[in-house]
Amino acid sequence: MEENKVATAANFDPMLPQPYSVLQVVKETADTFTLTLQARNGAGTAPFEPGQFSMLWVFGVGELPISISGDPSDLGRLVYTVRSVGEATNSLVNREVGEAIGVRGPFGTGWPIHQAEGRDVVVIAGGIGFAPLRPVIYEVLHNRKKYGRLVILYGARSPRELLYRKELAAWVRQNDTQVLVTVDYGGLSWRGHVGVVTTLFKYARLQPARSLAFTCGPEIMMRFAARELENLGFARENIYLSMERNMKCAVGFCGHCQYGPHFICKDGPVFSYDKMRPLLEKYEL
Amino acid sequence: METLERIIAEHPFFAGLDPYYINLLTGCAANVRFDSGTYIFKEGEEANEFYLIRAGKVALEIFPPQRKPIMLATLGDGEILGWSWLLPPYQWKCHAHAIEPVRAIALDGKCLRGKCEQNHDLGYELLKRFGQIMELRLAATLLQLVDVYSNGRK
């Protein structure tokens, strides 16, 4: 992975958007889409680590930080899952196949997946927070012998807002993999689990002393999840969170994403819970 | 064949409970089964029992007027169903709907309330254990109320 970082720095100017084309747009839910992009000018795609993000430039509209949700071993393409919540994201998900998008990056720290070698990997995702965790799942499944059990705990608001349904069904069948899905509000036809994602912990066969936990989702969800993991016996330094703040430059110059002493874009977005815990408890930060 | 006493003693909810109390509890216990689709109890009915779910899934539901029913939570293997038997007015606050075939141990709340009145140590043990469940479910409900995934939309 160190080699990847060098290749990225050597070949790509972090401030210069590279031209990409939209290869595919897949509707995941009513407001969430997965876009696949390919470099336009024959240039390769910068390698990325699971958990990193790119700045996607929708020409004439603006630039957005979006986590990479694709397979890190697929070097030819970049995949992003985007929820349409405003003008810029709406414009992004409405790109037609073949249209151009500018891409800067990848940026930020990834999940410390290599620290998890020989240990269990626990993925706790909420809502669109599943997107930056999907590359972790690909990495573990491609290198199955390197890791212990893979536990995927995923919560969404309702059954119709679940992402990556086909893959979830496929991951259930993988060896040494436990997949548990819950929704906050289930219709009466839903036969799965109902309750917030932390209510899945009691069904997961967790081994806190020999696991790394990666969580991404709404901040309040991560706060409760991390606290609960700690109560179960996870060391704070073995729990990682992906933080989100408004980003502009993505390289730590502008200060838009400052969070306490950290810049989320440069020092994060992935942080260990022992670093984040004091900040997560602060009002209005 | 497993005896009721052994099943109760090995259930995590009763972990560490004095064997004397396990014996008392067993005197109020019975094996029960519910087919998928049946209601174990309904809102407003008298609450006179609770259940240790051994297998299956139960949905807790409420029926707001003029709106579709809402599934609040699901409970599965190893979980405890029902605490309204423990405190007045001994009335269920929601429906419990077996959405899979359910095997459970039913504990007679009236019988247990009598034993708790006679033996306050047993009453305290049960209150502590049910208090823990209430605390966890309240925390989960708080997160549900925040509607964390809504991102401000209604």
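This is a predicted model: local features need pLDDT of at least 70, side-chain atom pairs count only at pLDDT 80 or more; totals for chains, interfaces and linings use all residues.
Two domains make up the division of chain A: domain 1 covers 2-107 and domain 2 covers 113-242. Taken over C-alpha atoms, the centres of domain 1 and domain 2 of chain A are separated by 24 Å. Where they meet, 14 residues of domain 1 of chain A are in contact with 14 residues of domain 2 of chain A. On the domain 1 side, the residues that touch domain 2 of chain A comprise 8 polar, 3 nonpolar and 3 charged.

The largest nonpolar core holds 107 residues. Those with the most contacts inside this core are A:Leu56, A:Val123, A:Val136, A:Leu153 and A:Ala213. Because domain 1 (2-107) and domain 2 (113-242) of chain A both contribute residues to the core, it lies between them. In soluble globular proteins, nonpolar side chains tend to be buried together.

With neighbours within four places in sequence left aside, A:Ala213 is in contact with A:Val122, A:Ile124, A:Leu229, A:Phe234, A:Asn238, A:Ile239 and A:Tyr240.

**Backbone features**

Two residues of the loops of chain A have a positive phi although they are not glycines. A:Tyr164, with phi about 50°, sits in the loop between strand E8 (150-156) and helix H4 (165-172) of chain A. A:Tyr164 has 19 C-beta neighbours inside 10 Å and therefore counts as partly exposed, since being buried takes 20 or more. The phi of A:Asp176 is about 55°, and this residue lies in the loop between H4 and strand E9 (177-183) of chain A. A:Asp176 has 12 other C-beta atoms within 10 Å, so it is exposed.

In chain B, a positive phi near 55° is found at B:Asp147, the residue that follows H4(B).

| Cis peptide bond | Omega | Loop holding the second residue |
|---|---|---|
| A:Gly268 to A:Pro269 | near 10° | between helix H6 (264-267) and strand E15 (270-272) of chain A |
| B:Pro88 to B:Pro89 | about 10° | between strand E6 (80-81) and strand E7 (95-98) of chain B |

**Chain B: overall form**

The secondary structure of chain B consists of 4 helices and 8 strands. The C-alpha atoms of chain B occupy a box of roughly 55 × 30 × 25 Å along the principal axes. For 154 residues, a compact globule would have a radius of gyration near 15 Å, and the 17 Å of chain B agrees with this. Of these 154 residues, 27% count as buried. Among the contacts in chain B with a separation of 6 or more, 72% come from residues 24 or more positions apart.

One example of residues brought together from separate parts of the sequence involves B:Phe41, which is located in strand E2 (residues 39-41) of chain B. B:Phe41 and B:Cys94 are 53 residues apart along the chain, with 8.1 Å between their C-alpha atoms. Leaving out neighbours within four places in sequence, the contacts of B:Phe41 are with B:Trp92 and B:Ala96. B:Phe41 counts as buried because it has 23 C-beta neighbours inside 10 Å.

Helix H4(B) contains 27 residues and spans 38 Å from its first C-alpha to its last. This span is close to the 39 Å expected at 1.5 Å a residue.

Terms used: Residues are numbered from 1 along each chain as its sequence is written. Chains are lettered from A and ligands numbered from 1 in the order in which they are written. A nonpolar core is a set of buried Ala, Val, Leu, Ile, Met, Phe, Trp, Tyr and Cys residues joined through C-beta atoms within 7 Å. Domain bounds come from an automatic or database domain assignment. Two residues are in contact if their C-beta atoms, placed from the backbone, lie within 7 Å. The expected span of a helix is 1.5 Å times one less than its number of residues. Ala, Val, Leu, Ile, Met, Phe, Trp, Tyr, Cys and Pro count as nonpolar, Asp, Glu, Lys and Arg as charged, and the others, Gly among them, as polar. The radius of gyration is taken over C-alpha atoms; the globule rule is 2.2 Å times the number of residues to the power 0.38.
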